[in-house]
Amino acid sequence: MNPRTETTSVPAPNRPAGAGLRVELVALTLARTVLNTSHRMIYPFLPTIARGLNVTESAVALTVTARSSLGLIGPLIGSLADRRGRKVAMITGMLIFTFGLGLVALWPSYPALFAAVLLAGVSKLLFDPALHAYLGDRVDYARRGLAVALAETSWSAAFLVGMPVVAWLIARSDHWYAPFPWLAALGAIFAVVLWRVLPADEPFPIDRPSLLDGARTVLAHRSARAGLGVSLLITAANETVSIMFGVWLEDAFAMKVAALGLASAVIGVAELGGEGAVAGLADRLGKRRALALGIGTNAAASLLLPVLGTTREGALVGLFLFFITFEFAIVSSIPLMTELVPSARATLMAGNTAITSLGRMAGTLIGPPLLGIGILASGATAALIDLAALALLLVYVKQE
């Protein structure tokens with residue numbers, strides 16, 4: 001661990017760092033894959049859930065909108081890891097997740113689904129900042145890019161592995177709620193696993209900042225403020241295109257459900273590729289350089305979308321490049337952010353969750369009217385937002 005981290009971080013317990021940390025990382029990644037599977041499954045199975053509940057698709061979509069709005073109070077929830085410890089926050093998140101999905105298993109109804117989606121959102125707001133802060137505490141900065149990238153494979157794994165399993169469970173039982181009892185059970189199992197595997201990591205009393213103290217510490221740090229701005233911009237750029245790519249493919253190439261499924265698989269592979277690239281390159285390049293590279297290449301990929309998107313195959317290649325470069329950028333940003341304010345890691349990471357929610361909301365607002373003009377307008381706007389993020393990063397974010 002580097003000297004700056006040692007003086008401000010939660011001290012790691014006296015135990016072998018190598019094998020022990022590998023076991024912890026595997027357990028954390030698997031637990032987060034369960035959370036992410038629940039988070040992502042609403043999108044592809046929204047029509048199935050709506051039919052099963054006999055409600056409109058808009059009603060199911062409303063649950064996702066409500067969940068996204070929770071990100072605005074992310075610092076209030078996620079800062080628990082700074083005040084009570086990383087382990088406590090992550091296990092609490094898993095228990096809330098289990099309770100929420102268990103509601104649907106016991107009472108498959110729209111009110112239960114609404115509550116479950118919100119509670120699963122709260123669990124991620126607890127778990128994710130605590131996980132990133134935990135890796136910041138336990139992993140030397142020189143190797144943190146690799147550790148974060150491995151943990152982030154839980155996002156693509158939820159799509160590439162979790163979605164086929166969810167589809168199989170629904171098809172096998174012919175009930176939309178079939179995955180919920182299994183996911184609830186896995187949540188309970190991983191709560192116990194994390195309780196057994198993770199070392200106690202309660203901070204010393206002097207390291208227990210209140211929410212206001214943590215927020216003041218973060219906001220007083222220029223690089224942290226700029227880093228949050230970068231997260232806001234790159235997320236908005238991505239959402240500007242991703243919110244409407246399905247509509248674009250359907251309108252431009254008459255792609256139907258099966259073909260759109262192929263596009264989703266392409267995106268899942270791109271996300272996994274981006275995470276793998278971070279694992280291999282971020283620590284060697286430096287996190288700030290890696291993030292700059294990711295933002296720059298994502299801007300280029302955005303401009304290539306209308307060039308490649310003249311054919312269906314070219315459009316899929318363009319989307320692959322767009323999503324792999326974004327994933328490389330967003331995952332590279334995480335280890336960088338964990339080191340900007342070590343004394344308030346979880347608070348900053350929770351703030352990062354909130355700011356990316358704002359970015360997604362901004363992208364969902366500007367994406368549809370831009371696509372009405374054409375994919376060139378969407379790609380060019382995303383590239384301009386990326387370039388603004390790149391300038392902010394290079395001028396104001398200092399570290400290493």
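Which residues touch the most other members of the largest nonpolar core?

1. In this predicted model, the largest nonpolar core has 90 residues. Phe127, Leu194, Ile295 and Leu393 are the ones that touch the most other members. The element that gives the most to this core is helix α8 (residues 110-138), with 14 residues. Another core, of 16 residues, lies apart from the largest one; Val241, Leu249, Leu319 and Ile385 are among its members.

2. Leu194 belongs to the buried residues of helix α10, together with Pro179, Phe180, Leu183, Ala184, Gly187, Phe190 and Ala191. Seen down the axis of α10, the buried residues fall within an arc of 130°, so they line one face of the helix. Trp182 and Arg196 are exposed and sit on the face turned away from that buried side.

3. The length of α10 (residues 179-197) can be checked. At 1.5 Å a residue, its 19 residues should span 27 Å, and the end C-alpha atoms are 26 Å apart, which agrees.

4. Is Met163 buried or exposed? This residue of helix α9 (residues 144-173) has a relative accessible area of 7%; a residue under 20% counts as buried, so Met163 is buried. Leaving out neighbours within four places in sequence, Met163 is in contact with Thr37, Arg40, Met41, Pro44, Phe45 and Ala158. Ser38 is 125 residues from Met163 along the chain, yet their C-alpha atoms are separated by 9.3 Å.

Technical notes
Residues are numbered from 1 along each chain as its sequence is written. This is a predicted model: local features need pLDDT of at least 70, side-chain atom pairs count only at pLDDT 80 or more; totals for chains, interfaces and linings use all residues. Side-chain values use heavy atoms; hydrogens and water are left out. A nonpolar core is a set of buried Ala, Val, Leu, Ile, Met, Phe, Trp, Tyr and Cys residues joined through side-chain atoms within 4.5 Å. Buried means under 20% relative accessible area, exposed over 50%, partly exposed in between (1.4 Å probe, protein chains only). Helices (H or I, at least four residues) and strands (E, at least two) are DSSP runs, numbered from the N terminus. The expected span of a helix is 1.5 Å times one less than its number of residues. The arc is that of the directions from the helix axis to the C-beta atoms. Contact means heavy atoms within 4.5 Å.
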